[in-house]
Amino acid sequence: MKSIKNIIISAALCGLFVGCHDLEIPPKNIMSGSDIYNEGGITAYMAALYARLPMEDFNTSNDGNHGGFFNWNCIVWDMLSTGETVNRNNTGIYIPQKGYWSEGYQIIRQCNELIKDLPSYADQMTEVPEWIAEAKFIRAYTYFAMVKRYGGVPIVDEPQEMTGNDEDLWVARSSHEQCIDFILDDLDYAMRYMTSKKTVGRANKFVAAAFKSRVALYAGSVARYGQQMNHSVDGVLLCGLPSTKAKDYFQQAYDAAKYVDEGGYKLYESNSDKEANFREVFMNADKSEESIFVRQYDINNNVHSFDAVYCPPRMTTTYGDRYNVTLDWVELFDGLPLDPATGHLKTTDDDGNYIVYSSEKELFANAEPRLRGSLMLPGETYKGITVDIRSGIIEESIDPSEKIKKFSIDDGKTTTNWNNGPNKNWYNAHVKTSTQNSRDQKDPYVTSSGIKLNKNGIDGPANGSNSTLTGFHGVKWINLNWSVAETALHRSTQTWIDIRYAEVLLNRAEAAIELSQNGGANLLQDAMDCINKVRSRAGALLLRNTAELNSNPIQNERGTGINSFVFAPNEGLQVVRVERYKELAFEHKIYWDLRRWFTFDTQIKDYRRRMLAPFMFAKGATLDAKTGNPVGKYIYDTRVCERANNSLTFGNKNYYDKIPDGESNYK
C-alpha cells in the first residue's frame, strides 16, 4: 500500500499561513493551554481556521502557492472548462486547485489538537461540546476538498507525535469509502452538537447539514456513475465508491437537505422584480435568509479583485473582459426562441433567412428573469454605462426588409469566418466591421445624413479587441453600486456565498429523483416541489407534473434538442441537472457536478464554445441622445466563437487528481 509521508511533518512544523488574512494567531504547537483554552482564545483560533478553509471563492485560481486558493488573480477559473464562460487569456481546459495537500493537513492537525484537548477543559468552559463539533465540521470541510480531488487520502483523526523517525509519521491512504464515511460521521456529530445560532461566516448545525447534503450527493453520484473509473491498490478501492452504497448516500443527502429547513432558511424573494431580485441574492448575501455559509471580506484585511477582473473594460479601471458567458449556457433558459430540433437560438426563419429585430433589446424581451439577472444585456444600463454589443454594421443601401441568408454554419464544429462562410459574397459586400479597439474606433460608418456609427460595439464582440468573445458579459457577483473609478484591483469586498438554500433545494431534488428511480420511496412530488420553488423565484416555467421527472433514457449529443447541451442518463435527471446549470452557474459548482456525474468526458468532448453576434442595419439607425450608442434594427448570427474557437476535451484521467509529487513514498 502506498503511504503518504509529508502530511504531518509539514503540518507540525508550519504555522498558520495568513495570506491576505491578517490573523496573526500562532500555531497550536507553540501555544500554551492558557493561551487557547478560554473563550477568547478559542474564538480567535477558530477564526483563523475559518480564514484558511479551502473554500472556492473569489480568490480561487490556478495559482500554485496555496493549491489554487487565496490568490487574487482569478482570471483562470473552472467555469472555463464547463461551457459556462471563456475569456481571451484562457481558452483551454482548466483543472482547478491542483496540488492542495499540505495546507489541508495543517488545518486537520490543528482541528485534531482541539478535539483531543478540549474535553480536559469541560469544567472551565460550558461550550466544549460545541467547540469540538465545530472543529469536526472544519475538519470534514477540509477533508472533502481533498477527497473530491484525489479519492482516498490518509485519514488522520488524532495528533501524531514527533518521534524523530519520519517513517513513524507515514500514513497509508484510506479507501475512498472510508474517507467519505469519516467526513459524514464528522458532519453528523456537528449536526448533533453544534449551536443552531446563526452567525454570518460561521457554521452551525444547519450549515453542517447543508454541507452534508453536498458531500453525500457527491458520494451517491460517484457510487452510481463512477464505476468505470474505479482504481484499487493492494485490494483497497482508492478511487471510486461501491455501487451498493449509492442508495444510502442519496438517502443521507436527502435527509440532510430536508433537515436544513428547520433552520428557517428560505429563498431570497424581497424584490418583486424577479430579474433584480436574482442579482440581489448575491449583492445582499450578508442579510439574506438564503445565505447558509459565506466568506466575508474586509478592505483592511481580506479583499478580492473580482470586479476589476470581470467587469466589461469600460466598467473597470484595469483588466476587465474576462466574464464572457457562452451561448450554449444562455440557450438553457426559458423565454428565448429556440429551435426544437437543435436547442439552438433560432434567429433565422424556416428558409434560412435572418429574422429582423426592431431593437437590440427585443430578442431578450421575454427571456427568463434569472437569465437577465445573470447577464449584462445590450441596451441595458449598468453602473451608469449602457452596454453596446455589435459585430458589425450592414450598410445603408440594404433595407431591413431584404431577405438575408445566414452568414455561418452553426453546427458546433465549423469555425469558418464570416468572410469565408456560406454567404461570404453578400457579407463581404455589405457588412462593415473594424479591427480597431472597440472603445477607440477611428473609422465609424457614416450614413447619408451624417450620423457616425461605430462599426463594432464598444463592449464587443470584435476581432482583435479586448471585449467579449461570446456576445455576452456576466453580471452575477458584480458590484453594480460601484462607480468605474471605484472598480480597481484589491478593493472588492462583497461576500462570497459558499452554500445557499437554492443549492440545498436542488441537492434534495436530485437525491429524491435518484431514490425514486432506483427502488427507493417515491419522492418525485417532493423533488418537483423543490425544483418549482427555485423556478418560481427565477421566473422560469414550472414543472406541471411528476411525469416530467421520469426515467426515460435520452440521447446525449449536443445540438440535438432543447437542453441537449447538458448530458444525463434520463429525462428526469436532465431536468434537475439543467436547473443546476442555470441556478448555480459561476459559483464553482458545475465543474464538480460534471465530475461526480461522470459526464465531463462526453459532454465536453470536441466541444467548441458558441457565440451570439449582433449586426445592426445602418438604414434608419440613429444615436441615443443620452448614451451616444447606435440604435436601430438588428439581425443575430449564432455560431462557434470567432475567437477562442478551439476544441475542448476533458480527459477521463482528470476525474481524479494525482497526489502531489513529493507527498508519497510509493515508488
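## Backbone features

Pro461 lies in the loop that connects strand S14 (452-453) with strand S15 (473-474); helices (H or I, at least four residues) and strands (E, at least two) are DSSP runs, numbered from the N terminus. The peptide bond between Gly460 and Pro461 is cis, with omega about -15°. The model is a predicted one, in which local features need pLDDT of at least 70 and side-chain atom pairs count only at pLDDT 80 or more, while totals for chains, interfaces and linings use all residues. Residues are numbered from 1 along each chain as its sequence is written, and side-chain values use heavy atoms, with hydrogens and water left out.

Asp234 occupies the loop between S4 and S5. Although Asp234 is not a glycine, its phi is positive, at about 55°. Most residues other than glycine have a negative phi, and most peptide bonds are trans.

## Strand pairing

Strand S4 (residues 231-233) pairs with strand S5 (residues 236-239) in the antiparallel sense over 3 bridges; two strands count as paired if DSSP finds at least two bridges between them. Ser232 has Leu237 of S5 as its bridge partner. The hairpin of S4 and S5 has 2 residues between the strands, and Asp234 with its positive phi belongs to this hairpin.

An open sheet is formed by 4 strands in the order S12-S11-S17-S20, with mixed pairing. Its edge strands, S12 (431-432) and S20 (634-640), each pair on one side only. Strand S11 (residues 392-394) and strand S17 (residues 610-617) run parallel and are joined by 3 bridges. Ile393 stands opposite Met616 of S17.

## Packing of H7 and H14

The axes of H7 and H14 come within 10 Å and cross at roughly 35°; axes are lines fitted to C-alpha atoms, for helices over the stretch in contact, and angles run from 0 to 180 degrees between N-to-C directions. The crossing is left-handed, that is, the near helix is turned anticlockwise from the far one by less than a right angle.

On the H7 side, the residues in contact are Ala210, Ser213, Arg214, Leu217, Ser221, Arg224 and Tyr225, and they meet Glu503, Val504, Asn507, Glu510, Ala511 and Glu514 in H14 (contact means heavy atoms within 4.5 Å). By class, this contact has 5 nonpolar, 3 polar and 5 charged residues. Ala, Val, Leu, Ile, Met, Phe, Trp, Tyr, Cys and Pro count as nonpolar, Asp, Glu, Lys and Arg as charged, and the others, Gly among them, as polar.

The whole structure holds 6 cavities of 30 Å³ or more. On a 1 Å grid over the protein atoms alone, a cavity is a set of points where a 1.4 Å probe fits but cannot get out, and a pocket is an open set with protein on both sides within 12 Å along at least five of seven lines; lining residues have an atom within 4 Å of a point. Grid points are joined across faces, edges and corners, and a volume is the space filled by probe spheres set on the points. The largest cavity contains about 270 Å³ of space. Its lining comprises 21 residues, with Phe144, Lys148, Arg214, Lys589 and Trp592 closest to the centre. Helices H5 (128-150), H7 (205-225), H14 (501-517) and H17 (590-597) are the elements that give two or more residues to this lining, which divides into 9 nonpolar, 2 polar and 10 charged residues.

The largest pocket has a volume of about 600 Å³. Of its 26 lining residues, Arg535, Ile562, Asn563, Gln574 and Val575 lie nearest the centre. Helix H16 (residues 571-583) supplies the largest share of the lining, 5 residues. The classes in the lining of the largest pocket are 11 nonpolar, 8 polar and 7 charged.
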